[in-house]
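Notebook open. I go through the structure entry by entry and note what I look up.

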Amino acid sequence: MSLVTETTTPTIDSTAAHLGSARAMLGRVFGGMVEVRSRGSRLWTDTGEEYLNCGGYGVFLLGACHPVVVDAVSRQLHRHPVASKVLLESTVAEAAARLASVTPAGLTKVYFAGSGTEATEAALKMAVAQGKSRFISMVGGYHGKTIGSLSVTGNETYQGPFRTVLPASRLVTYGDVGALRDALALAGDASCVILEPIQGEAGAIVPPSGYLRGVAAACREFGALLIVDEIMTGLGRTGSWWASEAEGVVPDILLTGKSLGGGVVPASAAVTTAEIFAPFDADFCLHTSTFSGSPMAMAAVSAALDVIEAQDLPGRAQELGQRLLPAVREICERECPGLVAEVRGRGLLIGIELTRPDVAAEMLGALIEQRVLVNHSLNSSTVLRLTPPAIFSAGDEEWLLRSLANACRAVRDACAADVEGNS
């Protein structure tokens, strides 16, 4: 897909002037298209073109504008959208109880935030309050870009400019329990381990079977605290309420977000045990935020959890993933052999790893030309990720697979033309 650098629109100009020139350049690459409306699995631009939305970085498990969530938020908006933070407020209490009802046993205490990185920050402070001062995270892991979260995000690109102010942490190889045990042996019971059960921004990396169970056992042996980041994988995205359930692991702190607000209002949370939360129980001012537990967001959370449970979206994600993953793999192998290194994932978190970053960029552009939106991976320039909604219809599946086949053929032809032109 060629760069359309000459494209300019009021939105591009405003983005460049006030939000960043790099973001505006990306808009130019995609021809200056502006999204203006969404519903279910579909998104529309200002020119009226309709797209199949398999992007959104995992936010749209329920699709966009789910009527149950929108109705709950609308009613809250007209009744009491923002709390005084002086009196008790019922929607946040209800949302916390609702979330605790679907998290693993023993995780009963909730801190709500707006973004994933805020939830991570809260979890790191909970760990420090328990005397944990040595953080161990994974190469390729992604937990956010605020200072604390960035310190445990395994990507030098984002850490480098801020290295001098980042708290000390140690990276170990993801999927290698032995490497983690070595690190824990050095750090002892002052350790806190944070990881994703499936790495999202690294490119939908699924660890070896038994890995998470081995991590939990090592943490228990060395007295380390375990934070499992399910911001991307939780709430049914991978085919079960929590990806860590697959190995029977209950972390000390569980992080959730992305789809928690139903794709309508941003929401995230750190959920933990009464023991770990004790310092925050004793002094609620220890970690606060003006908009933590905002009534509108909490209305969205409760409604989203109701929808996920009532419509069994974890089961639906498992069923869809069992069809889509092999179908995507077969199309890639058939239509662009030698250009796709691997197709992997679980449920509705699917990664397509191309052989080179330029081939990945070509595939992204080709899919957009087929009116399918997918995401690149922040920690892997060769991987595109598909995170379709669990409310996908048969027609959506057919659109995705047909468009992928067309995109693969376009990429194959473009790469063949490049080879021929350079010979």
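**Helix α8.** I looked up what the buried side of α8 packs against: β5 (134–138), β6, β7 and α9. Contact here means heavy atoms within 4.5 Å. Helices (H or I, at least four residues) and strands (E, at least two) are DSSP runs, numbered from the N terminus. The model is predicted: local features need pLDDT of at least 70, side-chain atom pairs count only at pLDDT 80 or more, and totals for chains, interfaces and linings use all residues. Residues are numbered from 1 along each chain as its sequence is written, and side-chain values use heavy atoms, with hydrogens and water left out.

The buried residues of α8 are A179, L180, A183, L184 and A187. They cover an arc of only 135° around the axis, so they lie on the same side of α8. I take the arc from the directions from the helix axis to the C-beta atoms. Buried means under 20% relative accessible area, exposed over 50%, and partly exposed in between (1.4 Å probe, protein chains only). On the face turned away from the buried side of α8 I find the exposed residues D182, A185 and L186. A reminder to myself: an α-helix has 3.6 residues a turn, so residues three or four places apart point the same way.

**S191.** Next I checked S191, which is in strand β7 (residues 191–195). Its relative accessibility is 0%, so S191 counts as buried. I left aside neighbours within four places in sequence and found S191 in contact with K132, R134, I136, L184, A224 and L225. L184 is also one of the buried residues of α8.

**Aromatic pairs.** I searched the whole structure and got two aromatic pairs. For Y174 and Y211, the ring centres are 5.3 Å apart and the planes are at 75°, so I log the pair as edge-to-face. The rule: rings of Phe, Tyr and Trp (its six-membered ring) pair if their centres lie within 6.5 Å; planes under 30 degrees apart count as stacked, over 60 as edge-to-face and the rest as tilted. This pair links distant parts of the chain, 37 residues apart. Y174 is in the loop between β6 (169–172) and α8 (177–187), and Y211 is in helix α9 (residues 211–222). Y174 is buried at 12% relative accessibility. Y211 is buried too, with a relative accessible area of 3%.

**Charges over rings.** The cut-off: NZ of Lys or CZ of Arg is within 6 Å of the ring centre and within 35 degrees of the ring normal. I noted R37, whose charged end sits over the ring of W44, 4.0 Å from its centre. I also noted K145, with its charged end over the ring of Y158, 4.6 Å from the centre.

**Helix α10.** Which residues of α10 are buried? In this helix (residues 274–282) I find I276, F277 and F280. Their arc around the axis is only 80°, which puts them on the same side of α10. The face turned away carries the exposed residues E275 and A282. The cover over the buried residues of α10 includes β4 (109–113), α5 (116–129), β8 (225–229), β9 (253–256) and β10 (268–272).

**Pocket and cavity.** On a 1 Å grid over the protein atoms alone, a cavity is a set of points where a 1.4 Å probe fits but cannot get out, and a pocket is an open set with protein on both sides within 12 Å along at least five of seven lines; lining residues have an atom within 4 Å of a point. Grid points are joined across faces, edges and corners, and a volume is the space filled by probe spheres set on the points.

I looked at the second largest pocket, about 920 Å³ in volume. It has 25 lining residues, of which K85, V92, V110, F284 and S292 lie nearest its centre. α4, β4 and α10 are the elements that give two or more residues to this lining. The largest share, four residues, comes from β4.

My search for cavities of 30 Å³ or more gave one. The lining of the largest cavity includes V82, K85, F291 and P295.

**Positive phi.** Y57, in the loop between β3 (50–53) and α3, has phi near 55°. K258, in the loop between β9 and β10, has phi near 50°.
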